[in-house]
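I set down what I looked up, entry by entry.

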Amino acid sequence: MSSTYVATPEVDAGKTPPAGSDRSRAEGRLAAKLVAPAVIVMLVVTAFPILRALWLSFYSYSLTAPDDREFVGLSNYITALTDSLFWRDIGVTVLYMLVTVAIELVIGFIFAMVMHRVIFARGVIRTSILIPYGIITVVSGFAWQFAFTYQNGFVNGWLPFIDEQFNWFGDTTPAVIAIMVSEIWKTTPFMSLLLLAGLAQVSEDMIEAAKVDGATWWQRLWKVILPNMRAAIMVAVLFRALDAYRIFDNIYVMTAGAVGTESISFLTYRQTIEQFQLGMGSALAVLLFLSVLLVAFLIVKLFRVDLAQARGE
Amino acid sequence: MKQKIGLVLGVALVMLWCLLPIAWILSLSFKSQDAVSNGTDPGFLPLDSFTGWDNYTAVWDDEQFRRSILNSLGISLIATLLSVILATLAAYAIARLEFRGKKFVLTVALAIAMFPVVSLVSPLFDLWRTIGLYDTWPGLIIPYMSFTLPLAIWTLSAFFREIPWEMEQAAQVDGATSWQAFRKVIVPLAAPGVFTAAILTFFFAWNDFVFGITLTSTENARPIPAALSFFVGPDPFQRPAGLLAAAAVIATIPIVVIVLLFQRKIVAGLTSGAVKG
C-alpha cells in the first residue's frame with residue numbers, strides 16, 4: 001500500500017505563473033479564500049488562549065478570589081522553578097517519555113517486520129493492530145488499572161516473581177511502571193504502522209544484493225534496512241516523544257497523580273482546573289509549552305530530522 | 001521453515017498484544033459487582049461470577065450514560081464533517097496553488113499539532129464561560145476542529161500530490177472555471193484521502209479527554225470518555241469495575257465498527273500522512 005505514496009516531484013515545479021501576472025493574483029486570492037477558514041479556526045482556539053495564558057501568568061489570580069487579582073511579575077515563574085515538585089514532575093515526565101518511546105520503538109519495529117513479511121491473515125493483523133490505536137485512552141487506562149490491582153486483577157497471578165498481594169499503586173516505581181504499560185500498549189501500534197511505511201520503502205533489491213554478498217540477517221538489518229528507513233524512524237520517534245511528553249489521560253485514570261506519578265501536564269491541570277489558581281496555572285502552562293518546544297528542538301537537532309522533507313512539503 | 005515458524009509466532013504475539021486487554025475488559029464486564037470488589041473471582045475469566053448482561057442493562061438504564069453516548073456521537077460527527085471540509089479546501093490550496101503564506105499555514109499547523117492541550121484549557125475555560133460556549137456542543141466542536149485540522153491538512157495534502165493534475169488543466173482548457181475543475185475533477189479523485197482524514201479526525205474527537213472534562217460540567221455536552229471518568233466518583237481505587245467495563249465496551253463499539261469497515265484506508269492514511277521520504 002505505501003508504495004503508492006512514494007514521494008513525487010513537486011507538482012507545481014515549472015508551471016508557476018510569473019509573479020504579478022493576473023493569473024498569479026487570481027490564484028493568490030483563491031488560495032487565501034480556501035486557506036483562511038482553516039487558519040482562523042486553528043488560531044481562535046490557540047492564539048487567544050496562548051496570549052491570555054501569557055498575560056495571566058504575570059498575575060496572582062485565583063478563581064476563588066477573583067477580586068484579589070494582582071500583578072506579580074515573574075513571581076509565579078520563580079515559585080514554579082524553585083519548587084522541587086515542579087522538577088520532580090518534569091523528571092517523571094521525561095522518564096515516561098524516554099522509557100515508553102524506547103520500548104515502543106523496539107516492539108513497534110518487530111511488529112512492523114511481522115506485518116511486512118506476513119502473507120496470510122494480513123487483514124486480520126492490521127485490523128487487530130488498529131484496535132489499541134482507536135480505543136479510548138481512558139478505557140485502556142481502566143482496563144490496565146483493573147488488571148494491576150491485586151484484589152481483582154490478573155497481573156499478579158500471571159507474574160511468578162510477584163507476590164499475590166503486591167500493591168502496584170502503593171509506591172512510585174510500580175505505579176509508574178503500570179502507567180507505562182498502559183501507555184505502551186495503546187501507542188505501540190501507531191509506532192509500528194509508521195515504521196511499516198518506512199519498511200515498505202526499503203528496496204528489496206538492496207536486501208537481496210546484501211544477501212548474495214553473504215551478509216548475515218543481523219548485518220542486513222543494521223547496514224541496509226535501518227539506514228534506509230531513517231526518515232520514517234525519526235518521524236515516528238518525534239511524534240511519539242512529543243505525545244508521550246504530554247501524557248495525561250492514563251495518569252488521571254490510573255492513579256489521579258497519587259504516589260508521585262504526576263506528569264507536568266497533570267500538575268498544570270491540577271493547578272488551574274482543580275485548584276482554580278489561574279495565575280500559577282498559566283505560568284505552568286507557559287512552562288509546559290516552552291518545555292515541549294525544547295523537547296521538539298532537541299529531537300530535531302539530535303536526529304537532524306528535516307520535517308518539511310519528511311512531510312513531503 | 002525456521003522463518004515460517006518465526007512468522008507464525010510473531011503473528012500470535014501481535015494478536016495477543018492487541019487483543020488481550022480487550023478480552024480482559026470484556027471479561028470484567030460479565031463479572032458481578034460483588035465478586036470484583038471483594039476479589040472473590042480474581043482470575044482472568046468470569047468463572048464463578050458470571051452475570052450475563054446485567055452490567056450492560058444497568059449501564060444502559062443510566063440516563064446520563066445514554067446522554068454522553070449521544071453527545072460523543074453528535075459532537076464527533078459534526079467536528080469531523082466541518083474539519084474535513086475546511087482541511088480539504090486548505091490542502092487543495094497548499095498542494096496546488098502558489099501563494100504567499102504557504103509556509104506560514106504549514107508552520108501554524110505543525111505548531112498546533114505539538115501543542116500541549118492542557119496549556120490551553122484554562123484560558124479556553126474562561127473564554128467559553130464569558131461568551132456562553134461552556135458546556136455546549138459547539139464549545140467542544142471548535143477545539144476538536146482546531147486540533148484535528150493539522151493532521152487532516154497534512155494527510156490530505158499528501159493525497160492531493162498524487163492526483164494527476166493535468167486532468168484539471170484539461171477541464172479548464174475545455175472552459176471550466178478553477179472552481180468547476182476542482183469540484184468536478186479533483187473532488188472525486190481525492191475522495192479516498194478525504195475519507196481517511198475523516199476517520200482519523202473521528203478517532204481524535206471520540207478519544208479526547210482533556211477538553212471533555214474541562215469544558216463541560218453537565219450531561220449537556222459531556223462526552224463519553226469524561227463521563228466514564230466521572231461515572232464512579234473521585235476515588236480511583238474503589239470503582240464499580242463491572243459497570244465501568246460494560247460502559248467501556250459500549251464506548252468502544254463505534255471504534256471497532258469503523259476499524260472493521262475501513263481497516264485498509266486507515267492504514268494507508270496513517271502511513272501516507274506521516275511518512276513520505
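I began with Asp243(A), which is partly exposed at 39% relative accessibility; buried means under 20% relative accessible area, exposed over 50%, and partly exposed in between, with a 1.4 Å probe and protein chains only. I was working with a predicted model, in which local features need pLDDT of at least 70, side-chain atom pairs count only at pLDDT 80 or more, and totals for chains, interfaces and linings use all residues. Residues are numbered from 1 along each chain as its sequence is written, chains are lettered from A and ligands numbered from 1 in the order written, and side-chain values use heavy atoms, leaving out hydrogens and water.

I then looked up the partners of Asp243(A). Its side chain forms a salt bridge with Arg246(A) at 3.0 Å, N to O (a side-chain nitrogen of Lys or Arg within 4 Å of a carboxyl oxygen of Asp or Glu). Arg246(A) is buried at 16%. A salt bridge also joins Asp243(A) to Arg240(A) at 3.4 Å, N to O. Both residues lie in helix H10 of chain A, three residues apart, about one turn of the helix; helices are DSSP runs (H or I, at least four residues) and strands likewise (E, at least two), numbered from the N terminus.

I followed Arg240(A), buried at 1% relative accessible area, to a salt bridge with Glu183(A) at 3.6 Å, N to O. This pair links helix H7 with helix H10 (residues 230–245), 57 residues apart. Glu183(A) is buried at 9%.
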